[in-house]
Structure formats: C-alpha cells, structure tokens
Amino acid sequence: MHGVFDIVGPIMIGPSSSHTAGAVRLGLMARNVLGEEPRRVDIGLAGSFAETYHGHGTDKAIMAGILGFRQDDERIRDALVIADRMGIEYHFEPVKLINAHPNTAIIFVTGVTGRTARIKGASVGGGNIFISEINGYEVELTGMYPALITVHRDRPGIITNVTHILAGYEVNVAFMRVSRGERGETAMMILELDAMPSDEVVEECREVKYVEHAFSIPAVG
C-alpha cells in the first residue's frame with residue numbers, strides 16, 4: 001500500500017520528486033556514511049539521471065544533499081555555487097550500468113581528513129531512495145530509518161553481542177541485513193532502528209571483539 005505522498009512526492013524544491021527530492025536524499029545518505037565534511041565528490045549518473053540531470057537539476061540536488069541540505073531547502077538551486085565557494089571539488093560523469101534502476105547514482109565522497117565513502121543508490125519515485133551498495137558491500141537501505149552500521153570480521157557471536165547492546169538501551173531493530181565477501185573475512189551489518197542510537201551505544205558496539213568500525217547514520221526520509 002502507498003499513501004498519497006508516496007505518489008505525488010514530498011514537499012520539495014525542484015521539478016521532480018525522483019530527479020530532485022530523491023537525488024537530494026542520495027547525496028545526504030552519502031554525506032551521512034562519510035561522517036564528515038566533504039572535500040571532493042565524484043558522481044556517476046546512469047539511465048535517465050545521465051540523460052536529463054542538467055535540465056532537472058539532479059546535479060544540484062545531489063550536491064545539496066552532500067552539503068547537508070534537505071529536499072525542501074531553498075539553497076538547492078545554488079548548491080553548485082555554494083560548493084565552489086567552499087572549495088569542494090566535484091565531477092559528474094554519465095556511466096552505463098547493467099540491469100540498474102534508471103535513476104541510479106554512484107557517489108564517491110572524500111572528506112576533509114581523507115576518509116572516503118562510496119554508495120550506489122537509486123531514486124525510486126516519490127522522493128524515495130534505495131541504497132544497494134556501501135563501500136563495496138551489498139546492502140538494502142531506504143534511509144527511512146536511522147541505522148547502525150558495523151564493519152567486522154565474520155565470526156560467530158558478533159550479531160548477538162551487538163543486538164544485546166541495543167536491547168540493553170531499549171533500541172528496537174526494525175530491519176537487519178548482513179553482507180560479506182568471503183566466509184570468515186570482513187562483513188558489514190546494517191541495523192535499521194526505530195530510534196537513533198546514542199553515542200554510548202555506538203561506542204559500546206565499537207568495543208565488541210572483532211568489530212573494526214561502527215557508526216550510525218540518521219534517517220533521510
């Protein structure tokens with residue numbers, strides 16, 4: 001079932017819920033995964049994004065999200081100018097992807113400390129998004145919920161230990177997905193939550209044995 005706002009789209013600045021509002025959320029998700037101010041952004045656009053991004057302002061919308069703007073922010077139209085003033089380097093390039101949603105973007109962001117983040121996601125209509133890849137790991141993330149993400153060694157007990165920490169703080173898990181390359185190697189766990197986890201929760205998760213990195217990202221919906 002879909003509500004009326006899933007059909008007509010959210011309150012926003014721009015001509016298209018898919019090419020503008022959804023694009024802003026894709027950029028905002030990339031910023032949240034990076035976790036710091038951006039310094040350089042490389043963006044590959046596929047399908048209709050690649051064909052119409054100038055006319056629909058998709059380039060401005062993605063950059064607006066990377067700058068931390070929401071889809072109803074009047075600064076969206078000036079996002080590229082603002083990025084220039086901030087000294088942020090950016091590059092847009094059409095790319096060909098097989099069996100990808102027509103509104104797909106691959107966003108590679110480098111932060112001020114040199115940290116990097118790469119996401120692949122699509123604007124799927126009505127301002128909604130679907131993230132299918134983070135830093136090389138397959139994921140299923142809509143941005144409608146805050147999330148806790150761990151990068152860890154694939155060992156028994158890690159999922160139990162992390163969810164036990166969440167239960168101790170009465171943070172409920174809405175959805176969970178674990179992605180790994182090889183058995184026993186590095187894996188990524190994404191827990192979409194009913195509430196944003198506190199810094200204390202994230203810090204305790206970082207201290208779990210075999211967890212290499214843990215961070216939270218707020219909802220962008």
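Visitor: Why is Ile107 called buried?

Guide: Ile107 has a relative accessible area of 0%, and buried means under 20%, with over 50% exposed and partly exposed in between (1.4 Å probe, protein chains only), so Ile107 is buried. Please keep in mind that this is a predicted model, in which local features need pLDDT of at least 70 and side-chain atom pairs count only at pLDDT 80 or more, while totals for chains, interfaces and linings use all residues. Residues are numbered from 1 along each chain as its sequence is written, and side-chain values use heavy atoms, leaving out hydrogens and water.

Visitor: Where is Ile107 found, and what does Ile107 touch?

Guide: Ile107 sits in strand S3 (residues 104-111); strands (E, at least two residues) and helices (H or I, at least four) are DSSP runs, numbered from the N terminus. Not counting residues up to four places away in sequence, Ile107 touches several residues, among them Leu26, Ala30, Val41, Ile62 and Ile119. Contact here means heavy atoms within 4.5 Å. Val41 is 66 residues from Ile107 along the chain, yet their C-alpha atoms are separated by 7.1 Å.

Visitor: What makes Arg118 and Glu133 a salt bridge?

Guide: The closest N and O atoms of the two are 2.4 Å apart. A salt bridge is a side-chain nitrogen of Lys or Arg within 4 Å of a carboxyl oxygen of Asp or Glu, so a pair at that distance qualifies. Arg118 lies in strand S4 (residues 116-125) and Glu133 in strand S5 (residues 128-134), so the pair ties together parts 15 residues apart in sequence. By this rule the count comes to 12 salt bridges.

Visitor: How do you know that Glu140 and Arg177 meet in a salt bridge?

Guide: Their N to O distance is 3.3 Å, and that falls within the cut-off for a salt bridge. This pair links distant parts of the chain, with Glu140 in strand S6 and Arg177 in strand S8 (residues 173-180), 37 residues apart. Glu140 has 47% relative accessibility and therefore counts as partly exposed; Arg177, at 30%, is partly exposed too.

Visitor: What makes Glu185 and Arg153 a salt bridge?

Guide: Here the N to O distance is 3.6 Å, again within the limit. The partners are 32 residues apart: Glu185 is in the loop between S8 and strand S9 (186-193), and Arg153 is in strand S7. There is also a network of salt bridges that links Arg40, Asp42 and Glu89.

Visitor: Why is Asp199 called exposed?

Guide: Asp199 has 65% relative accessibility, which is over the mark for exposed, so Asp199 counts as exposed. The residue belongs to helix H7 (residues 199-206).
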